[in-house]
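Q: Could you take a close look at the salt bridges in this model and walk me through them, partner by partner?

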Amino acid sequence: VQLQASGGGLVQPGGSLRLSCAASGDIFSIRTMSWYRQVPGKQRELVASITNGRDTLYADAVKGRFTISRDNADYTLTLQMNSLKPEDTADYYCYADAWVRATMTRNDYWGQGTLVTVSS
């Protein structure tokens, strides 16, 4: 299973960005998909997650500003980020809790980071 993240970039404070993550491979199902972020010298932190039933969870720091969504048909994950602040600057990583069809085993998968920089 591979996760491909995209959509990062430079944006001014108050602006918006949309991150996307596409999962591919021998997928049977994906229970939870999430976005994490990490800045140098700090631990990776959860930003938002969504289950295959579309239950969502957000970090307090992003509630009301970020929206996570997913398409269960093609295993894509999106993070709409509005009202961005300089403290949102980080590498953003997508995560999937996926069952592999061929082996019927569950594993954790990570995409590569996509850098979001919020600066004037």
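A: Happy to, and please keep in mind that this is a predicted model. Arg37 counts as buried, because its relative accessibility is 7% and the cut-off for buried is under 20%. Its side chain meets that of Glu45 in a salt bridge, at 2.7 Å from N to O. Glu45, by contrast, is partly exposed, with 39% relative accessibility.

Next comes the pair of Asp88 and Arg65, whose side chains form a salt bridge at 2.8 Å, N to O. Asp88 sits in the loop between β8 and β9, while Arg65 sits in the loop between β6 (56–58) and β7, so this pair ties together parts that are 23 residues apart in sequence. Asp88 is buried, at a relative accessible area of 1%. Arg65 counts as buried too, at 10% relative accessibility.

A further salt bridge links the side chains of Arg106 and Asp97, at 2.6 Å from N to O. In total, the count comes to seven salt bridges.

For the nonpolar surroundings, the largest nonpolar core has 32 residues, and Trp35, Leu79, Met81 and Tyr92 have the most contacts inside it. Elements giving two or more residues to this core include β4 (27–38), β5 (45–51) and β9 (90–100). Of these, β9 gives the most, with six residues.

Methods:
Residues numbered from 1 in each chain as written. Predicted model: local features only at pLDDT ≥ 70, side-chain atom pairs only at ≥ 80, totals over all residues. Heavy atoms only, no water. Core = buried A, V, L, I, M, F, W, Y, C linked by side-chain atoms within 4.5 Å. Buried < 20%, exposed > 50% of the residue type's maximum accessible area, 1.4 Å probe, protein only. Helix = DSSP H or I, 4+ residues; strand = E, 2+ residues; numbered from the N terminus. Salt bridge = Lys/Arg side-chain N within 4 Å of Asp/Glu carboxyl O.
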